[in-house]
Amino acid sequence: MNSNRTGILSIVATPIGNLQDMVPRAVQTLQSASLIACEDTRHSKKLLNHFSIDKPCVAYHDHGDKKTMEKLLKRLQAGDDIALISDAGTPLISDPGYRIVAEARKRDITVVPIPGACAAIAALSVSGLPTDSFYFGGFLPVKSGQRKTALSALKSSTNTLVFYEAPHRILETVEDLIDVFGGQRQAFIGREISKAFETFLQGDLTQLRQQIAEDSNQQRGEIVLVIAGADEKAETSAVDPEMVLKLLLKELPASKAASLTAKICGLDKKAIYQAALRLQDK
Ligand code: SAM
């Protein structure tokens, strides 16, 4: 403990798969910290053992963990350096840590990043989709209705959209994307980045849906979904494809309703037809 200064809270990124992506400064910071706050101590022990880091670890979850947060802040104020890591990647990015960082800043405790891997940025950087302006949405809602509502709010955004998605939901989510954005929107999937079964899928949403449906491996592992932003010209039309389709389905058979919707909205007929069948099933 150093009583002359407050400690430093280091937010340390760790690899998202390949341990060789651990940066030397991350190893040094963890080796010199008094304490390592982990999302899951058992999970992080494997990483720490690999780098021969033998430091006390404490589990820290952010939500409902005020007691641990207070203890950590007290130790920082008493001069201990603390490193925060999550199970993988950059802490706080769809991971715990926001509350303790906010509180540390309020108390004038120095907080520094040790930058490294982040799945969202890794996927975006190889997606071939515009990177000048993007929106990171973390995980979409689990329920289809809520997911579609969240997507509808982003439908006109011209930013590239980046989401994390669970493998068992990826097909459903791509189907919802087709319903809301239309099947012709370009997209990209980065799966198991930096790991043995790393794969990348690219194409329009209809093509991605087909590739995922035909290959069950695409419904395994860890996934980042990147979707092109709305085409500014196309978005000048105020027509909502889902609304048009629903209205036409009340009057016409699915194939006719789909082909008219596709014409009105300038979208892919096949994708709209699939959406029409799904709407009829509900
Ligand atoms: N903080 C992490 C980061 O910086 O990337 C993300 C944590 S979040 C709880 C975990 C999600 O990130 C996974 O469900 C997956 O969507 C994505 N992810 C993590 N590692 C990945 C990888 N190697 N390949 C693709 N996606 C990954």
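At what angle do helix α9 and helix α10 pack, and how far apart are their axes? In this predicted model, local features require pLDDT of at least 70 and side-chain atom pairs count only at pLDDT 80 or more, whereas totals for chains, interfaces and linings use all residues. Residues are numbered from 1 along each chain as its sequence is written, and side-chain values use heavy atoms, with hydrogens and water left out.

Helix α9 (residues 241-251) and helix α10 (residues 254-265) pack at about 145°, and their axes are 9 Å apart. Axes are lines fitted to C-alpha atoms, for helices over the stretch in contact, and angles run from 0 to 180 degrees between N-to-C directions. Helices are DSSP runs (H or I, at least four residues), numbered from the N terminus. The α9 and α10 crossing is right-handed (the near helix is turned clockwise from the far one by less than a right angle; anticlockwise for left-handed). On the α9 side, the contact (heavy atoms within 4.5 Å) involves Pro241, Val244, Leu245, Leu248 and Leu249, which meet Ala254, Ala257, Ala258, Leu260, Thr261, Ile264 and Cys265 of α10. These residues comprise 11 nonpolar, 1 polar and no charged, where Ala, Val, Leu, Ile, Met, Phe, Trp, Tyr, Cys and Pro count as nonpolar, Asp, Glu, Lys and Arg as charged, and the others, Gly among them, as polar.

Helix α9 also packs with helix α11 (residues 269-281), at an angle of about 65° and with axes 11 Å apart. This crossing of α9 and α11 is right-handed. Leu245, Lys246 and Leu249 of α9 contact Ile272, Ala275, Ala276, Leu279 and Gln280 of α11; by class, there are 6 nonpolar, 1 polar and 1 charged.

Helix α7 (residues 170-181) and helix α8 (residues 205-214) pack at about 160°, with axes 10 Å apart. The two helices, α7 and α8, are therefore roughly antiparallel (angles over 145 degrees). Their crossing is left-handed. Residues of α7 in the contact include Leu171, Val174 and Phe181, and those of α8 include Leu205, Arg209 and Ile212. The α7 and α8 contact has 9 nonpolar, 1 polar and 2 charged residues.

The ligand has 19 residues around it, of which Thr90, Ile93, Asp95, Ala119 and Ile223 come nearest (a residue is near if one of its heavy atoms lies within 4 Å). A polar side-chain atom of Asp95 lies 2.8 Å from a ligand nitrogen atom.

How values were computed
Angles under 35 degrees count as roughly parallel, over 145 as roughly antiparallel, 65 to 115 as roughly perpendicular and the rest as oblique. A polar contact is a pair of N or O atoms within 3.5 Å; within protein, one must be able to donate a hydrogen and the other to accept it, and residues adjacent in sequence count only if both atoms are side-chain atoms.
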